Amino acid sequence: MASDEFLAAWARLNEDCPQVQGAVLATREGLLLAASGCLQDEASAASAADLAERVDQNLSLMVSTQCSELLIWAAPSVWYLTRLAVPCVLMVCAAPACRTGALRLAGQNVARQLSQLLVQAELSAREERDCPAP
């Protein structure tokens, strides 16, 4: 994955929503891929993945579906969780003054960019594995 492109996508989150206090990108198994601000630890990654899984489990008791996005108001923060096109989750924490529409839009935009970068990285890794350099 091109790290400059990844960092640019990550920085855009704060540009689009200045009240962001932290963000974490994790695999669906809870492994930390990237983090910023107040969510810079492995526990945050594991918690984000676990929250997505538990919401799905509870929703499945009522209807056969998967949660694609989630907004949570929990003092003193607003939380946004979304699934990426690849098997990852993005969780963002913002100040309570944050407009939730702006938070959701910023999260959707960065999730789309990160998905594209992760897919490109996976394709590059496969090419290298399938066609090793002499």
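Start by selecting Asp16 and Arg12, whose side chains form a salt bridge with the closest N and O atoms 3.3 Å apart; keep in mind throughout that this is a predicted model. Both residues lie in helix H1, four residues apart, which is about one turn of the helix. Asp16 is partly exposed, with a relative accessible area of 30%, and Arg12 also counts as partly exposed, at 32%.

Next, select Asp56 and Arg83, whose side chains meet in a salt bridge at 2.1 Å, N to O. This pair links distant parts of the chain, with Asp56 in helix H2 (residues 42-59) and Arg83 in strand E4, 27 residues apart. Are these two residues buried or exposed? Both Asp56 and Arg83 are buried.

Now move to Arg104 and Glu69, which form a salt bridge at 2.5 Å, N to O. Arg104 belongs to helix H3 and Glu69 to strand E3, so this contact ties together parts that are 35 residues apart in sequence. Arg104 is partly exposed at 36% relative accessibility, and Glu69 is partly exposed at 22%. The count for the structure comes to four salt bridges.

Turn to the sheet by showing the strands as a cartoon. It is an open sheet of five strands in the order E2-E1-E5-E4-E3, with antiparallel pairing. The edge strands, each pairing on one side only, are E2 (32-37) and E3 (69-74). Neighbouring strands are turned by 10 degrees against each other on average, direction ignored.

Select E5 next, and look at its two neighbours in turn. E1 pairs with E5 in the antiparallel sense over seven bridges, and there Thr27 has Cys88 of E5 as its bridge partner.

Keep E5 selected and show its side chains. In a regular strand the side chains alternate between the two faces of the sheet. Here Cys88, Leu90, Val92 and Ala94 point one way, whereas Val89, Met91 and Cys93 point the other way. Seven of the seven residues of E5 are buried, so this strand is largely enclosed by the rest of the structure.

To look around Leu90, select the residues it touches, among them Trp10, Leu25, Tyr80, Gly107 and Val110.

Finish with the cysteines. How many disulfides does a search of the whole structure find? The search finds zero. For Cys38, the nearest cysteine sulfur is that of Cys93, 4.0 Å away, and Cys38 counts as partly exposed, at 47% relative accessibility. Cys98 is likewise in no disulfide, the nearest cysteine sulfur being that of Cys17 at 3.1 Å, and Cys98 counts as buried, at 6% relative accessibility.

Terms used. Residues numbered from 1 in each chain as written. Predicted model: local features only at pLDDT ≥ 70, side-chain atom pairs only at ≥ 80, totals over all residues. Heavy atoms only, no water. Contact = heavy atoms within 4.5 Å. Pairing = 2+ DSSP bridges. Axes fitted to C-alpha atoms, helices over the stretch in contact; angles between N-to-C directions. Disulfide = S-S within 2.5 Å. Buried < 20%, exposed > 50% of the residue type's maximum accessible area, 1.4 Å probe, protein only. Lists of a residue's contacts leave out its neighbours within four places in sequence.
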